[in-house]
Structure formats: C-alpha cells, structure tokens
There are 2 protein chains.
Amino acid sequence: MTEKDQNTEEKIKAAARDLFHQRGFDGTKTRDIAEAAGINLALMNYYFRSKKKLFDLIMMETIERFFQSVLDIIREEDDSMEQKIQKLTSHYITLLKQEPDLPVFILSEVRSNPSFIFDQVFKDNDVGQTPFFQFLRQSIGQDTSDPSHPAHILLNLISMIVFPFAAKPLIMYLLGLDEEQFHHMMDQRRELIPVWLHKLLPSDELPNLKNHEN
Amino acid sequence: MTEKDQNTEEKIKAAARDLFHQRGFDGTKTRDIAEAAGINLALMNYYFRSKKKLFDLIMMETIERFFQSVLDIIREEDDSMEQKIQKLTSHYITLLKQEPDLPVFILSEVRSNPSFIFDQVFKDNDVGQTPFFQFLRQSIGQDTSDPSHPAHILLNLISMIVFPFAAKPLIMYLLGLDEEQFHHMMDQRRELIPVWLHKLLPSDELPNLKNHEN
DNA sequence: TTTTGATTTAATCATTTGTTTAAATCAATT
DNA sequence: AATTGATTTAAACAAATGATTAAATCAAAA
C-alpha cells in the first residue's frame, strides 16, 4: 500500500459513498462510481472485489457512524436526561444538515436487507445491551398507552429530529422554502425540540425517562 | 377491452404497485413484475408501453391517493382545527398500518426525481393553493423561532405520524417488538398524537393554527 | 540499471435487463 | 364454420451492467 494506492482506494470509497447515499445500491452503477472517482472501471474490483462488497463496507461504516453518537451520549453518566436530549438533538441536527441523505439511504436499504445489517454493527458495540435500551425494552411489557411512556417519547424525539430531513425535498416544496430557509428552520428546531419534548412529559422531573441519573 | 383484458391490465398494475412500493424503481425488474402478475413478459409493454411509463402511472396514483386525504380533511370547514388533527392522525395511522411501505417509497423516489412529480399531482388538486397552505407559507416569512409556529407544529404532527412507519423495521428491531406489538403501539398513537400536539401549543385555543374556523 | 511486484489500463466477457417481433391463440361477429 | 381483431406467447435483440483478463505502466529494491 503506497501513498498513491491508499489514495486511489479512498477516492473510490468517497465517490461510492456519495453515490450510494444519493441513489441507493440499485440506483448506483459501477461505471458511475468509476467516473465520479476519476479512476478506471477495473480498479473498483481490484480494491474491493465487487460492487456488493464495497456497498456492504460503506453501509457498515455509515450505520456505525450514524449510531455511534447515540451510544456515546446515552452512556455519559454525568449528564441528566435533559442534557442527553439536548446533546442528541444538537448533534443529529448538525449531522443531518451536512448529510441530509442519510435517513432515506438507511431506511430504504434496510427495507430490503432486514435486521442482519444491524446484527453486524450492533453486536460489537451492543447498543441494545445499554442500560437505556434494556430499560426501554422492559418497559414495553408495561402499559404503553401512557402518554409519557418512554418508548413513545423516544419515538417522538427521533421522529421530530430525523423526519424533516428525510422529507426535506417534499417539505421545501410544500412550504416554499429555499435551502437557507430550510437550514434556518432546522437550526431553530435544535433549541425547540428539547422544549417540546419537555412539554410531553407529566412533570418537570421527567419521571418516566429518568432511570439512572439524579 | 374485454373482461379478461381489463383483468390482465389490473393484475399487472397490482403486481407492479406491490413491487415498486417494496423495492423502488431500480430494484424492480420487469421479469419480477411479470412473474408476480402471472403473465407473459411482453404484456407489460403491450399494456403500458414501458417500465418507466408504468412506474410513472403508479407513482402518480400513489401520491394522489396519499395526499388526497389531507385535502379532504383540511378543507372540511365544519371541523375545528383539533378535529382536523384527530381525523388526519386517525386516517393516516389506519392507512400506514395497511401500507407501511408508502413513506419510504415516496421519500426514496422523490430524492431522484425532484419536485416535478408533485407539480403533476398538485397542480390539478392545487393542494398548495388551499387557504391552509397559503396561510402556512405566508407565516414562514415571520418569526419561525416561535415554539408554536404553525410550520413547526405541522412538521411535528407529520413527523410523529409518519416516521414510526418509515422506520418500522428499525424500531421493531431496537425495541424488540413483534408485528402485533408494533401495531398496538401505533393504535395508541392514534389517540396520543392529538394529545401531544395540543401540549405543544400555548393555550387551549390553538391560536397559531386556527385560521378559518371558530 | 535491472528486476520485481504492485497498480493501472483497454479490451473483452457473460449475464441481466428492457423491449420488440412474429406467430399462435382466443373470442366475438358474420 | 369462417373471419376479424384483440390478446397472448415464445423467441430473440440490443443495450446496460458487473466482472475479468492480459498487457502496460510505475515505483521501489537489488
């Protein structure tokens, strides 16, 4: 692996990542990747064996990058639940402003491949084994018709953060926004979502979400 | 157009709709459609000219079907805003429980084609020309940092309704739900979302969303 | 400088994929 | 029953697509 080779490999990965994120696996052609990376068609197979293997690599890196932050933020024991919510909201709005294609890419590729993608990524980092998620799953057994049930509240948090980016072109079209106005609205949601989430809870103490702090 | 012909045409459309909704345009092969419909490959071209034309037809019908209800519900002048919210929530949760593929299908196909899909559908029904959307667009010019700004509140409503279905496989995986538990949670959200939305507003009168009723 | 191994290229291959064609079949009318 | 037009079929085509090959190029080591 000389300097140039590494360079070529990275150029291919970067171009492939862009295209896969924008157009998905089926919508991306090997010749598109080669052209976007400025390399010979055969080099894609030389470095990554096949389109599918390249895709799997990028998919794994993408999922890992996307979900790693949840872990980091949730595990920080010095933060209160409110602080965690603020950090999650802020982090993901920043991320999605830069890469608005991520939600639809992940969701549309997950519908074909099922859980096996996540088994791969989550078994190493065991997101699911976090006290937070254990608490969540255990609470599923209980009455989920409670308006402040943790599963619903979490769903609402994720929905309010992610959906506007997933539906970005549609929202811009329907509300008649330009790129700048859209970003401005998302910046406002960075402050507003924690406020809204707080209103969804019965008291100031967030009794249903607090499980291992204060 | 004899009885049998109409039948064939409908069989093709039904099979194509299923496959396009599940796998998108690029992921659906003409031979898959033929096999699923139980017809000869050439009949797809005989009845619909090309895969693209068949797709465009189905896309238009799907979008129209999906958004027609918004219009019907929003335009009903005898309903208060709270009633409209209840009707919207209930209607779309019923629809998405039956067809959970719709959100990802629409969002992933819209990312390639831009607004031109909606121009087609919305110019006839002029969703955008509804007093509701005119009010919305006009209010964009004003201070959108207001926590109860209509654009944000509407975004939250749509997000809370649609996102859980868009992310259905992921949510089932992370929360460890089976199909029945997931549907049960969605049924609960039918009642809960209007309650939550109400909490996001400053007073009982929903001052920012009421524009042409009581 | 020569050698060696890695990298890059142009050309080609085999398969998949969307579409067409010409003949066969069917169903209604004469 | 024969005719007519619509529908269905099997076969084939051309282009697109993912992958491979053999030769050319390059860069470092001998």
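Predicted model: local features only at pLDDT ≥ 70, side-chain atom pairs only at ≥ 80, totals over all residues.
Is Lys52(A) buried, partly exposed or exposed? With a relative accessible area of 38%, Lys52(A) is partly exposed.

**The fold of chain A**

- The secondary structure of chain A consists of 11 helices and zero strands, and reading along the sequence therefore gives the pattern α-α-α-α-α-α-α-α-α-α-α.
- When contacts in chain A between residues at least 6 apart in sequence are considered, 66% of them join residues that are at least 24 apart.

**Where chain B touches chain A**

- On the side of chain B, 57 residues are in contact with 57 residues of chain A, and the two chains bury about 5100 Å² between them, 71% of it on carbon and sulfur atoms.
- Arg111(B), Phe163(B) and Tyr173(B) supply 14% of the area that chain B buries against chain A, which is more than any other three residues supply.
- Between chain B and chain A there are zero salt bridges, whereas 15 residue pairs, with both residues at pLDDT 80 or more, are in polar contact.
- Several helices of chain B each supply at least two residues of the side that touches chain A, including helix H1 (3-27), helix H6 (102-112) and helix H9 (150-166), and H9(B) gives the most to this side, with 11 residues.
- Sorted by class, the side of chain B that touches chain A has 33 nonpolar, 15 polar and nine charged residues.

**Gly24(A), a residue that touches both chains**

- Gly24(A) has its place in helix H1 (residues 3-27) of chain A, and because its relative accessible area is 2%, Gly24(A) counts as buried.
- Not counting residues up to four places away in sequence, Gly24(A) touches Leu19(A), Glu109(A) and Arg111(B).
- Although Gly24(A) and Ile106(A) are 82 residues apart in sequence, they are 9.0 Å apart in space, taken from C-alpha to C-alpha.

**Salt bridges**

- Side chains of opposite charge can pair when their charged atoms come close.
- Over all chains, a search of the whole structure finds 18 salt bridges.
- The side chains of Asp56(A) and Lys52(A) meet in a salt bridge with an N to O distance of 3.1 Å, and because these residues are four apart in helix H4 (residues 51-75) of chain A, they are separated by about one helical turn.
- Arg65(A) forms a salt bridge with Glu99(A), and the closest N and O atoms are 2.8 Å apart. Arg65(A) lies in helix H4 of chain A and Glu99(A) in the loop between helix H5 (81-98) and helix H6 (102-112), so the pair ties together parts that are 34 residues apart in sequence. Arg65(A) is partly exposed at 43% relative accessible area, and Glu99(A) is partly exposed at 23%.
- Glu179(A) forms a salt bridge with Lys168(A), with the closest N and O atoms 2.7 Å apart. Because Glu179(A) lies in helix H11 (residues 179-199) and Lys168(A) in helix H10 (residues 168-175) of chain A, the pair ties together parts that are 11 residues apart in sequence. Glu179(A) is partly exposed, at 41%, whereas Lys168(A) is buried, at 10%.
- Salt bridges that share partners also join Lys13(A), Arg17(A) and Glu61(A) into one network.

Note on methods. Residues numbered from 1 in each chain as written. Chains lettered and ligands numbered in written order. Heavy atoms only, no water. Contact = heavy atoms within 4.5 Å. Buried area = accessible area lost by both parts, 1.4 Å probe. Salt bridge = Lys/Arg side-chain N within 4 Å of Asp/Glu carboxyl O. Polar contact = N/O pair within 3.5 Å; in protein donor to acceptor, adjacent residues only side chain to side chain. Nonpolar A, V, L, I, M, F, W, Y, C, P; charged D, E, K, R; others polar. Buried < 20%, exposed > 50% of the residue type's maximum accessible area, 1.4 Å probe, protein only.
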